[in-house]
Amino acid sequence: MISRLANPAQFMRVSGAVLPFLAGLAAVVLAVGLVWALVLAPPDYQQGESVRIMFIHVPAAWMALSVYLLMAVASAVALVWRHPLADVAAQAAAPIGAAFTFVCLATGSLWGRPMWGTWWVWDARLTSVLVLFFLYLGYIALVNAFDDASRGARAGALLAVVGVINLPIIKFSVDWWNTLHQPASVFRLGGPTIYISMLLPLLAMALGFALLFAALWLVRMRTALNERKLRALRLHRMAEPRSRPADAAPPGARPAVH
Amino acid sequence: MAALLDHYFAMGGYAVYVWPAYAIAVAVLGGVAVQSWWRYRASVRALERVQRQLEPKP
Amino acid sequence: MTRKRRRLILLGGGMTGLAAATAMVLTAFSGNLVFFYGPSELLAKGIGPGRLVRIGGLVEQHSVAHLDGGREVRFRVTDGKTDLPVVYDGVLPDLFREGQGVVAEGKLNGSGVFVASSVLAKHDEKYMPPDVAAALKKAGRWQEGGKPPP
């Protein structure tokens with residue numbers, strides 16, 4: 001299936017067909033999840049209504065990690081197999097992953113203040129997630145730092161792959177070292193320690209975030225492929241006698257990835 | 001009714017933490033979504049324009 | 001061998017090397033990476049009076065005492081093996097209570113009492129509605145309070 005989508009034209013066809021359904025499904029699941037999280041879910045026996053922040057914070061954290069893993073795998077594929085869409089996939093995912101990481105950090109801080117008594121601590125969990133955020137930003141900056149797009153892509157891919165070592169550190173930080181952040185409540189041996197009436201809205205929000213990511217990822221990849229085609233067409237037009245130099249892009253440069 | 005809503009929005013005293021948390025999530029994720037979509041639409045329009053210009057004139 | 005195979009081996013080898021290096025660095029620095037010491041660890045490390053340090057554990061049952069008049073509160077922090085008396089003058093977090101996790105930053109004074117400059121509550125990973133918690137407690141199936149850190 002991956003090789004069938006390797007062809008950019010094929011990818012555009014398939015993604016174009018899938019995207020409306022993905023976006024629609026994401027909207028529905030998020031709407032249901034939000035109502036569930038904000039209204040229907042019960043308060044916590046010790047954290048009260050502040051536990052509702054969990055329904056944003058935890059799914060955002062899961063996405064922050066998963067998207068980085070995706071980015072790292074795509075980067076490895078780009079480095080080893082030189083798959084044409086691998087760089088596009090990694091670069092399209094990065095800003096979305098950075099956004100989830102920011103939401104995780106900000107909502108975590110808002111949750112920590114009333115529950116722990118502080119906005120921030122430099123314990124292993126919080127610090128390693130902050131490092132993840134910097135890795136995302138560093139990746140985006142690195143890719144855009146080079147005039148030559150392929151060199152930027154290569155440098156970014158290397159950073160993404162090297163940074164993957166941070167993922168097990170984040171996950172196991174609460175087990176390996178004494179931290180303020182509590183241990184895992186869902187992905188742990190022995191099963192979740194969240195009561196079902198709170199676990200279900202959590203999973204709903206997680207699904208909504210995943211669908212949102214998938215939709216935005218496709219949108220950003222389609223944009224990247226469109227922009228590549230635009231550059232190629234403009235270059236082609238420059239070579240023609242009737243070209244209008246005013247709106248032709250200089251060779252090699254490309255718009256910054258936001 | 002108004003009292004019920006007040007009680008709900010108070011979030012057990014944690015309103016000043018809960019509502020900004022949700023607001024930040026909506027603003028940041030919504031922002032990425034909007035920016036992604038705008039840029040996509042711009043790329044589609046630009047591509048259509050260039051492809052029209054490249055079409056052989058009748 | 002093909003160029004692709006060579007790149008793959010290079011990547012795999014590089015990642016393995018990186019993993020090993022990271023593991024070594026983290027092990028060597030693990031003392032600096034812990035956010036707090038349990039009372040037994042504090043003893044084991046021989047941390048003397050006057051050194052700024054963080055301790056963590058459970059608030060020992062029946063150990064909390066508010067000194068009348070002032071904001072001062074005394075309690076004991078335990079990890080199941082050792083306990084440490086703490087004195088604190090300040091606002092306690094909402095979640096601070098006996099049998100619950102706590103992290104305090106401060107210094108040991110000359111008489112073996114930990115003078116805390118800040119106290120944070122550490123909660124566990126259990127989430128449930130109030131009625132479920134009450135039902136479990138009533139049935140004697142669960143006592144509120146975290147496990148002491150190992």
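Modeller: In sequence order, their pattern is α-α-α-β-β-β-β-β-β-α.

This is a predicted model, in which local features need pLDDT (the predictor's confidence in each residue, from 0 to 100) of at least 70 and side-chain atom pairs count only at 80 or more, while totals for chains, interfaces and linings use all residues. Residues are numbered from 1 along each chain as its sequence is written, chains are lettered from A and ligands numbered from 1 in the order in which they are written, and side-chain values use heavy atoms, with hydrogens and water left out.

Chain C is divided into domain 1 (1-33) and domain 2 (35-121), with bounds from an automatic or database domain assignment. The centres of these two domains, taken over C-alpha atoms, are 40 Å apart. Along its principal axes, the C-alpha trace of chain C spans about 80 × 45 × 25 Å. The radius of gyration of chain C is 22 Å, whereas a compact globule of 150 residues would have one near 15 Å; the radius is taken over C-alpha atoms, and the globule rule is 2.2 Å times the number of residues to the power 0.38.

Among contacts (heavy atoms within 4.5 Å) in chain C between residues at least 6 apart in sequence, 51% join residues at least 24 apart.

One side-chain detail in chain C involves C:Arg54, whose charged end sits over the ring of C:Phe35, 3.9 Å from its centre. The rule asks for NZ of Lys or CZ of Arg within 6 Å of the ring centre and within 35 degrees of the ring normal.

Now the rings. Over all chains, the structure holds 16 aromatic pairs. Rings of Phe, Tyr and Trp (its six-membered ring) pair if their centres lie within 6.5 Å; planes under 30 degrees apart count as stacked, over 60 as edge-to-face and the rest as tilted. One pair is A:Tyr68 with A:Tyr136, edge-to-face at 5.6 Å centre to centre and 85° between the planes. This pair links distant parts of the chain, 68 residues apart: A:Tyr68 lies in helix α2 (residues 54-80) of chain A and A:Tyr136 in helix α4 (residues 124-145) of chain A. Both A:Tyr68 and A:Tyr136 are buried.

Definitions and conventions: Helix = DSSP H or I, 4+ residues; strand = E, 2+ residues; numbered from the N terminus. Buried < 20%, exposed > 50% of the residue type's maximum accessible area, 1.4 Å probe, protein only.
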